[in-house]
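Trainee: I would like to learn how to read helices and their packing in a model. Please take me through one case.

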Amino acid sequence: MAIPVALQNRLVIPVIGAPLFILSNPRLVIAQCCAGIVGSFPALNARPASMLDEWLAEITGALAAWDAAHPERCAAPFAVNQIVHRSNTRLEHDLELCVKYRVPLVITSLGARPEVNAAVHSYGGVVLHDIINNRFAHKAIEKGADGLIAVAAGAGGHAGVISPFALIQEIRAWFAGPLVLSGAIATGRSVLAAEAMGADFAYIGSAFIATEEANASAAYKQAIVDGGADDIVYTNLFTGIHGNYLRASIVAAGLDPDHLPESDASAMNFHETATPKAWKDIWGSGQGIGAVDAVVPARVRVEKLIAEYLVAKAVLCG
C-alpha cells in the first residue's frame with residue numbers, strides 16, 4: 001500500500017482526526033498534530049473567509065515551532081477539508097490559500113473535481129477524497145484524487161450505510177493507494193482493526209468533540225460522553241444528505257427523531273441558514289461514542305488511543 005510521503009514516519013499512530021464542521025479550530029488541530037496524529041478542519045469553519053488566512057498562518061507557525069523544539073519527534077502534518085459542491089461559493093478563495101500555505105493534505109467532500117486536485121498537486125500536496133460507496137471511489141480516483149476516505153456505516157455527520165468490511169474489501173480489490181476508514185472508530189483497538197481490514201489509516205471524529213479544544217458547547221460535549229450507539233439517528237432532513245446525529249439534540253429542537261420527514265439534495269446547506277441549524281443546533285455524532293467517558297484535552301485522547309493500540313497490537317501480533 002502506498003503511503004504518501006507527507007505521512008511517512010510522521011504519525012505516532014495511523015490516525016487522521018476528522019474535520020468537524022463548526023467544531024474544529026486551530027487549537028484542536030495543533031493539539032492533534034503535536035500529539036502525533038493528523039489534525040484537520042473544514043475551511044468553512046474559518047468565518048469570515050478572510051480568517052482562513054489567519055488560521056493557516058497560526059497552524060503552520062505553531063507546528064514549525066514544535067518541530068524546532070522537538071527535532072526528535074516532529075509534529076504530524078495537518079489537513080484542510082474543502083467542500084467542493086456547487087453550494088460552496090468560497091471554494092476558489094479557500095483553495096488559493098491552501099496553495100499559498102502549501103497545505104500538506106487536502107480532504108475533498110461532496111464531489112470530485114479535477115481542477116481542485118490539480119491545484120493541490122501543483123505544490124506537491126496530497127488529496128484524499130471521502131466516499132460512501134465503491135462507485136464514488138472509482139470516480140474520485142479517475143478524477144485525480146490520491147487516496148480515499150471510506151465513510152462506512154456508523155460514521156458521524158454525513159455517512160454511508162455500507163459495512164466497513166464490505167466497503168474496504170471492494171475498494172482494495174482494485175485500489176492499492178492510500179485508504180482511510182471512517183465509521184464508529186473511537187479506540188486504539190478499532191484503529192488496529194481498520195488496518196487488519198486493509199485500511200492504512202483510521203479516521204476519528206466524534207471522540208474529539210469531547211475535548212477541551214473543540215468548539216462545542218458543554219452540553220454537546222457531555223452528550224457525547226453520555227451517549228451510545230442507540231442515541232444516534234440517521235436522517236437527511238437537516239442538510240439534504242443522510243447523516244448521523246444525536247437524538248437528544250433533535251428532541252431539544254422540538255422534533256420527533258422517530259418520525260422525521262425526508263429532505264432532498266437541493267436542501268444542502270453549509271452556511272447555517274437553515275432552522276434548526278445543522279451541526280450547531282442538531283449535533284452530529286457517530287455510533288462509536290460509547291467509548292468516550294470524559295471530556296479531556298485532545299492530547300490525552302490521543303495518548304489513550306496510542307496506549308490502547310499498542311496493547312492490542314502486542315496481544316494480537318505478539
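Trainee: Which residues of H2 are buried?

Mentor: Keep in mind that this is a predicted model. The buried residues in H2 are Leu52, Trp55, Leu56, Ile59 and Leu63.

Trainee: How should I read that spacing?

Mentor: An α-helix has 3.6 residues a turn, so residues three or four places apart point the same way. Here the buried residues of H2 fall within an arc of 95° when seen down the axis, so they line one face of the helix.

Trainee: Which exposed residues does the face turned away from the buried side of H2 carry?

Mentor: That face carries Glu54, Ala68 and Ala69, which are exposed.

Trainee: How many residues has H2, and what span does it reach?

Mentor: H2 runs over residues 51-69, which is 19 residues. From first C-alpha to last it reaches 27 Å, close to the 27 Å expected at 1.5 Å a residue.

Trainee: How do I describe the packing of two helices?

Mentor: Two packed helices are described by the angle between their axes and the distance between the axes. For H1 and H2, the axes cross at roughly 25° and come within 10 Å. Angles under 35 degrees count as roughly parallel, and H1 and H2 are therefore roughly parallel to each other. The crossing of H1 past H2 is right-handed. On the H1 side the contact is made by Pro26, Val29, Ile30, Cys33 and Cys34; on the H2 side, by Trp55, Glu58, Ile59, Ala62, Leu63 and Trp66. Among these, Trp55, Ile59 and Leu63 are buried residues of H2.

Trainee: At what angle do H3 and H4 pack, and how far apart are their axes?

Mentor: H3 and H4, the latter spanning residues 114-121, pack at an angle of about 20°, with axes 9 Å apart. H3 and H4 are therefore roughly parallel to each other, and their crossing is right-handed. Leu91, Leu95 and Val99 of H3 make the contact with Val116, Ala119 and Val120 of H4.

Trainee: Back to H1. Is Gln32 buried or exposed?

Mentor: Gln32, which lies in helix H1, has a relative accessible area of 1%. The cut-off for buried is under 20%, so Gln32 is buried.

Trainee: Which residues is Gln32 in contact with, leaving aside its neighbours within four places in sequence?

Mentor: With those neighbours left aside, Gln32 is in contact with Gly17, Ile37, Val38, Gly39, Ser40 and Phe208.

Definitions and conventions
Residues are numbered from 1 along each chain as its sequence is written. This is a predicted model: local features need pLDDT of at least 70, side-chain atom pairs count only at pLDDT 80 or more; totals for chains, interfaces and linings use all residues. Side-chain values use heavy atoms; hydrogens and water are left out. Helices (H or I, at least four residues) and strands (E, at least two) are DSSP runs, numbered from the N terminus. The expected span of a helix is 1.5 Å times one less than its number of residues. Buried means under 20% relative accessible area, exposed over 50%, partly exposed in between (1.4 Å probe, protein chains only). The arc is that of the directions from the helix axis to the C-beta atoms. Contact means heavy atoms within 4.5 Å. Axes are lines fitted to C-alpha atoms, for helices over the stretch in contact, and angles run from 0 to 180 degrees between N-to-C directions. Angles under 35 degrees count as roughly parallel, over 145 as roughly antiparallel, 65 to 115 as roughly perpendicular and the rest as oblique. A crossing is left-handed if the near helix is turned anticlockwise from the far one by less than a right angle, and right-handed if clockwise.
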